[in-house]
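Dear colleague,

Please find below the structure that I am handing over to you. My notes on what was found in it follow directly after.

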Amino acid sequence: MSSSNDATFLEEEEIAREFRARLRARQEAARANRSSRIRGQSKKSGKAAHVERVGEESPLLSRSRDNSSSNRGRDASDSEEPEWFGYTELKGLPWWKRPSIYWLLPPFLLFTMAFGAIIVPKLNLIMDLVCDEYYASSPDPISGPMDPGQQPDRCQTDAVSSRSSLFLLYGNLFSGILASITSPKLGALSDRYGRRKLLVFATMGAFLGEVLTILAAKYPETVHVNWILVGYALDGLSGSFIVGMAIAHSYAADCTSPQKRNVAFGYFHACLFTGIAVGPVLSGYVISWREKYVGKTEAVLLIFYMALACHAFFMLFLAFVVPESLSKARQDAARQRYKEEKERYGGLDPDWIDQLRSINLFAPLKILWPTGPGTTPALRRNLVLLAATDTIMLGVAMGAMGVVIVYTRRQFGWQELESGKFVSVVNSARVFALLVALPLATRLIRGKNGTKNQRNSGSDLFDLSIIRLTVFFEMLGYLGYTLSRNGNLFMVSGTIASLGGISSPAIGSALTKHVPPDRVGQLLGATGLLHAVSRVVGPTIFNGIYSATVGSFRQTVFVCLTATFGVAFILSWFVRPHVYLELEADGSPSRRGSEIDRSDEESSI
């Protein structure tokens, strides 16, 4: 045991030395910035005060000149040597073992296309099954056999729409509650055992859930529609799609420098929305073509068979092709730290009964409120505000997706093809924003080489401006949903709201810049917990609102969603730039960094 630890320490000694050198350079730069800020403030109060302040703060020899010359020397060395530690860790690896987002993006795109292809068919399939079950148990005279061509008219009623909304509510409750328990655990496990294994596990839950959906649709007399709820539960136990996105972001954070993570995260979100954009259109046309030869249910099930094949390929590609982003040394170090913390607080592992009795679902959120050396009130405030905004933007928006599909079917009479076109247009606009607008804005603002080798310095004004602007567009889009009374205007409103898709990768990137690399998985696991909770709270509230108001003013749910995004827009203005948790070379919190941050905060006030 001791020999393996010694080997690990020797392997990381070179990185530790680089950390110390860069930490000293960063502290000197922070002191220089503080003194220049003080001199700038003193100029406004008069020349005499300026001379007095500089005389008190500066040594006999001018520190500004020394700092400028030393900064020039550091800049020269920075141009020669990368600042992000990941370059040191990954260099020297052969290309087939070197982790990169480009290993994960192609199979992830295929996975999201399968995910997008079954969204609308699954919702409509559930509504059809709920409709059949409603009329089968109803004494209504039209509950008997009907001509298949009249089936959409029979199901397009307020009663069936309300019942379908409640079914989706129960499904989101099962999935969200279980995901809120498992997602932070899975995120922390990915720090200790690698990203690939946890991504495979997260995909397995969705795979099994779709198998149950196929059985319920193919054999409705034997497999009740409520078995689909079991599929939602399995999806939640594996962390659901939220954990898959969080671990994919952790993978990107492992092999991408901090200042480029907004673009890297944007690529993953572009894959997601590309799949959601292309998948529904393809599934709509495949169903229309297949329906000419077989029944509608069999035509829909073809899409689910294709999705299962894509899920299986994704898991196999992860297991045997994609290189792991966390080195063995970092995994061993994370496991060792976890073991030391567990022994410090609890000693030996308790049995499973004691674990159930002492479980605290919200314990993983402690990372959003760090205390002790190296932390500041501004750091805690930033983490909480960004996490709250992220929860509203992604979690509530994903939870409202089912309401939008049910609403458009009741309001406009849309079926698979029309709903698929709407989803495709909206998400194509998201893809354009993520693949074109965000990288172009990043290149224009930060330049070609401005994001390559910068050390972590927290989120900057560019990150915060992107977040505020995109949250505003999302709020405008949902306001348009409220006011639209025809399908074309509703689609235009969805296009405006789709520009808010940039906010999620921007917020995720900003969050990872506040913590050191070995806590990224834990942090994104905590945000996954918040997303899972929002999947419980959001759909419960919004599906309940829609179910209660569908017969009177069915746009009430969009009024509430607009107000929710308005709250997120207000919260985004309280986040401060250039705040982060600084560590010493040995991984402990930096007291000096904390003092510098506090002095900067006092001087800014």
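Of the 605 residues in the chain, 52% are buried, where buried means under 20% relative accessible area, exposed means over 50%, and partly exposed lies in between (1.4 Å probe, protein chains only). The model is a predicted one, in which local features need pLDDT of at least 70 and side-chain atom pairs count only at pLDDT 80 or more, while totals for chains, interfaces and linings use all residues. Residues are numbered from 1 along each chain as its sequence is written, and side-chain values use heavy atoms, with hydrogens and water left out.

The chain holds 24 helices and zero strands; both are DSSP runs numbered from the N terminus, helices being H or I with at least four residues and strands E with at least two. Of the contacts in the chain with a separation of 6 or more, 84% are between residues 24 or more positions apart, a contact being heavy atoms within 4.5 Å.

Helix α10 spans residues 227-237, and its buried residues are Ile 228, Leu 229, Gly 231, Tyr 232, Ala 233, Asp 235 and Gly 236. These buried residues pack against α6 (119-136), α8 (158-193), α9 (195-218) and α11. After α10 comes Gly 239, with a positive phi near 95 degrees.

Helix α11 (residues 240-254) also pairs with helix α22 (residues 520-549): their axes come within 9 Å and cross at roughly 160 degrees. Axes here are lines fitted to C-alpha atoms, for helices over the stretch in contact, and angles run from 0 to 180 degrees between N-to-C directions. The two helices α11 and α22 are therefore roughly antiparallel to each other, given that angles under 35 degrees count as roughly parallel, over 145 as roughly antiparallel, 65 to 115 as roughly perpendicular and the rest as oblique. Their crossing is right-handed; a crossing is right-handed if the near helix is turned clockwise from the far one by less than a right angle, and left-handed if anticlockwise.

On the α11 side, Ser 240, Ile 242, Ala 246, His 249, Ser 250 and Ala 253 take part, and they meet Val 520, Gly 521, Leu 524, Gly 528, His 531, Ala 532 and Arg 535 of α22. By class, the residues of this contact are six nonpolar, six polar and one charged. Ala, Val, Leu, Ile, Met, Phe, Trp, Tyr, Cys and Pro count as nonpolar, Asp, Glu, Lys and Arg as charged, and the others, Gly among them, as polar.

Arg 535 is also one of the contacts of Asn 172, together with Ile 177, Val 536 and Pro 539, once neighbours within four places in sequence are left aside. Asn 172 lies in helix α8 and is buried, with a relative accessible area of 15%. Between Asn 172 and Gly 402 there are 230 residues in sequence, yet their C-alpha atoms are 9.8 Å apart in space.

Helices α12 and α21

In helix α21 (residues 503-512), 10 of the 10 residues are buried. The axes of α21 and α12 come within 8 Å and cross at roughly 140 degrees; the two are therefore oblique to each other, and the crossing is right-handed. Arg 261, Asn 262, Phe 265, Gly 266 and His 269 of α12 make this contact with Ser 504, Pro 505, Gly 508, Ser 509 and Thr 512 of α21. The residues involved divide into two nonpolar, seven polar and one charged.

Leu 511, one of the buried residues of α21, is touched by Thr 527, as is Asp 390, not counting residues up to four places away in sequence. Thr 527 belongs to helix α22 and is buried, at a relative accessible area of 4%.

Thr 274 is found in helix α12, which covers residues 261-290. Thr 274 is buried, with a relative accessible area of 18%, and is in contact with Leu 109, Gly 279 and Val 431, leaving aside its neighbours within four places in sequence.

A loop residue with positive phi

Most residues other than glycine have a negative phi. His 578 has a positive phi near 60 degrees. His 578 sits in the loop between α23 (556-571) and α24 (591-604) and is partly exposed, with a relative accessible area of 47%.

With kind regards
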